[in-house]
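Here is a short note to read alongside the structure. Please keep the model open while going through the points.

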Amino acid sequence: MAEMMFWGFATRFLVSLIQASPFILVGFAVAAVLRRFFGYEETRKLFGEGTRSALFRAWVIGMLLPVCSLGAIPVIREMRRAGIRGGTILAFAMSGPLFNPLSLLYGLTLSEPIAILSFAACSLVIVTIVGLIWDRMFPDSALPIVEEKAVAYGYRRMLAVGTAAAREATSASLFYILLGLAGVGLLGAFIPANSLQHTFNHDNPLAPLYMTGMAIPVYATPMLAMSQLGMMFQHANSIGAAFVLLVLGAGMNLGIMAWLYREYGFKRGTTWMVLLLSIVLGLAYGVDQPLFPKDIEPANHTHAFDIYCQPFSGPLTTSYFEATKLKLQRDINPFEWRPLWMFGLLILSGVVLKVADRSSTLERWLEAAPAKQISGRGDIVVPGPILGLLSLAGLVVLSVVGCFAYYPAPDECLEAMTDARVGALSAALSLDHTETKYWAERYDDWTRKLEVGAWLRKRELSDYHRWKARLLREQLEILEHEVEEGEREEVTKLIAKISRSQARLRRAFTEEL
Amino acid sequence: MPPVSNISRFNRLPVSCVALIFCALAISGCGSSAESHEDEHDHEHEHLEHFVPAHKPKHFSDLVEQLALRVPQLQDGSQPGASGGNGHATALQEFSEIIGWIPKLAADSELLKADFESAVATGNKLVAVYAETLGPQKTKPFDAATFEPLIVELRKLAPKSQDRKDQM
């Protein structure tokens, strides 16, 4: 039992760490850009500190930047150092991880895209109301403004960004990030496998409340949260619970909570949490019925939370170590390991700097401004904030451009779908549930990429096309259940049906787009 | 004067609210865990279901036939002096749901895009006619003749909706 819990923790912790790595790297980069390109004064200006638009700006910046709730940690620590008020910082912390261009587009494939837009609007309501009340109650929450030394222009400025990121990666930020990951690990250790499948059914009035209890230790990347929302909509589960999952599951984690209490103390931290939970729950119950998908037959379960339960159930044929290794090999694509190595490298650089340069000699050298050497009319010194803005805008542009790579053209999606289809159907034929589930999830994912890829390139997608993809997903879901139940006859019928649906999908996206 | 009074007013707020939220979570959580312990054994074997109502047509042609069959029954139920009651209410509910399945079953057929859109448009007209004559806010008396041309429209699409080999 203890061994299973240990490996459950390790698996969930590692998978989440790997998925979070790109977003954590972005978080450290943004924090370093704010520190070295903007500086404290310009950072305050960027977030509209002291103005009425501060909360809205924090929400917009959060929405645009591709960070997750772990990647937000170095950024909010930098905002705090810059002397920004708590309401604004927490508004960014809550909104940053909810959406990014990739996940927003993924949301378009949900049965009710309007729900995603409503969720985004609700998140603005949450951060505005909570931020306004909190700032009014605790107007002195900002740290005193401190003078900072500007960094010299040229290559030193670029180097300063790198060193700032590396030092931050070995600061308390790392502790909070690991704490955030520990939350999801603990769920994987203690919650029995598949035990949350019936907790969030649409007819359970307490579903949003249960979700509130569970979602804070949950860590989800924006994309993962969106795909979980997709599953919840597909099964017509509780929409209120889906909303709570997005706001608290994607937006909060134990690390942010610990930071909140550490920085602002028990009373202020608790006030924030109480305000947040009250408003989130109120909105969750408010949207539960109006946004409920009307054209879906509700299922009595969801699979969205299987990934937060123990990953192993029943007796294993191999050791837990081998089973964990196998699971990681299957669940993590080879390219997903690279950001983790980069994150490791960043931490290593930070450690080296900490050990070799305890008195920050490097920073002092970087801050020693050389005399301006302008060689001609076209040679200008670009101000740091301009570079900072360009860097942040570059991140946003990169994530938008990245959408075209992540969501390929329909032809490529249909081609890539073949492997997943063959894998899912042949596994189903041999009634192998684990294999069927594995491949069906990939097949499902490709149908969503197909929809978004087509929409990105055509700027429109008809109901006809959306239905074709949705039907295929529904059939895959039923296939998975029938395989689990060992219903050979039903499986055979479904395989024929899925093959027909695939042919119609192909025709729709190649000949009728 | 620092905003002491402003803060002190809220001194007890966090603690009280935390207590309330924990109570709420504990009560709901306890209920859940008790229930889950009770049903633990059943849950292990519980079938994960996607509810498919018995009156859901198997395919698009079946849907058209179901609509055609049910309109005269609704006519009978709507006659002055008809008993109405639960049976009629169920019939209305099922009829409304069948209309709602038009897009799904049209998509799950061999209908091409133009025909699918035509089926959906006809379905929308049926929804409007249903709301006018049978819905809770009805403004006109029920007349089967208003439904029939629309069902005829759908029936024209039925042969095209069948599998290619069946069409031949």
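1. How many helices and strands are there in chain B? Chain B has nine helices and zero strands. Helices (H or I, at least four residues) and strands (E, at least two) are DSSP runs, numbered from the N terminus. Along the sequence, the pattern of chain B reads α-α-α-α-α-α-α-α-α.

2. A word on conventions. This is a predicted model: local features need pLDDT of at least 70, side-chain atom pairs count only at pLDDT 80 or more, and totals for chains, interfaces and linings use all residues. Residues are numbered from 1 along each chain as its sequence is written, while chains are lettered from A and ligands numbered from 1 in the order in which they are written.

3. Confidence in chain A. The average pLDDT (the predictor's confidence in each residue, from 0 to 100) is 89 for chain A. In chain A, 97% of the residues score at least 70.

4. Of the 168 residues in chain B, 17% are buried. A residue is buried if 20 or more other C-beta atoms lie within 10 Å of its own, exposed if 12 or fewer, and partly exposed in between; C-beta atoms are placed from the backbone. Two residues are in contact if their C-beta atoms lie within 7 Å. Of the contacts in chain B with a separation of 6 or more, 65% join residues 24 or more positions apart.

5. Helix H3 of chain A. H3(A) is mostly covered, with eight of its 10 residues buried. Among them are A:Ile73, A:Val75, A:Arg77 and A:Glu78. The cover includes H1 (2-46), H4, H7 (155-169), H8 (172-190) and H12 (254-288) of chain A. A:Gly83 follows H3(A) and has a positive phi, near 90°.

6. Helix H2 of chain A. In H2 (residues 54-64), the buried residues are A:Ala54, A:Leu55, A:Ala58, A:Trp59, A:Ile61 and A:Gly62. They pack against H4 (86-95) and H6 (113-137) of chain A.

7. Helices H10 and H11 of chain A. The axes (lines fitted to C-alpha atoms, for helices over the stretch in contact, with angles from 0 to 180 degrees between N-to-C directions) of H10 (residues 222-234) and H11 (residues 239-250) come within 10 Å and cross at roughly 170°. That makes H10(A) roughly antiparallel to H11(A). Angles under 35 degrees count as roughly parallel, over 145 as roughly antiparallel, 65 to 115 as roughly perpendicular and the rest as oblique. In H10(A), A:Leu229 and A:Met232 are among the residues that meet H11(A), where A:Leu245 and A:Gly249 are among the partners. The contact has eight nonpolar, two polar and no charged residues. Ala, Val, Leu, Ile, Met, Phe, Trp, Tyr, Cys and Pro count as nonpolar, Asp, Glu, Lys and Arg as charged, and the others, Gly among them, as polar.

8. One residue of H11. A:Ile239 sits in helix H11 of chain A. Is A:Ile239 buried or exposed? A:Ile239 is buried, because 27 other C-beta atoms lie within 10 Å. Not counting residues up to four places away in sequence, A:Ile239 touches A:Ala115, A:Val287, A:Asp288, A:Leu291 and A:Phe292.

9. Helices H17 and H20 of chain A. The axes of H17 (residues 410-429) and H20 (residues 488-511) come within 11 Å and cross at roughly 175°. H17(A) and H20(A) are therefore roughly antiparallel.
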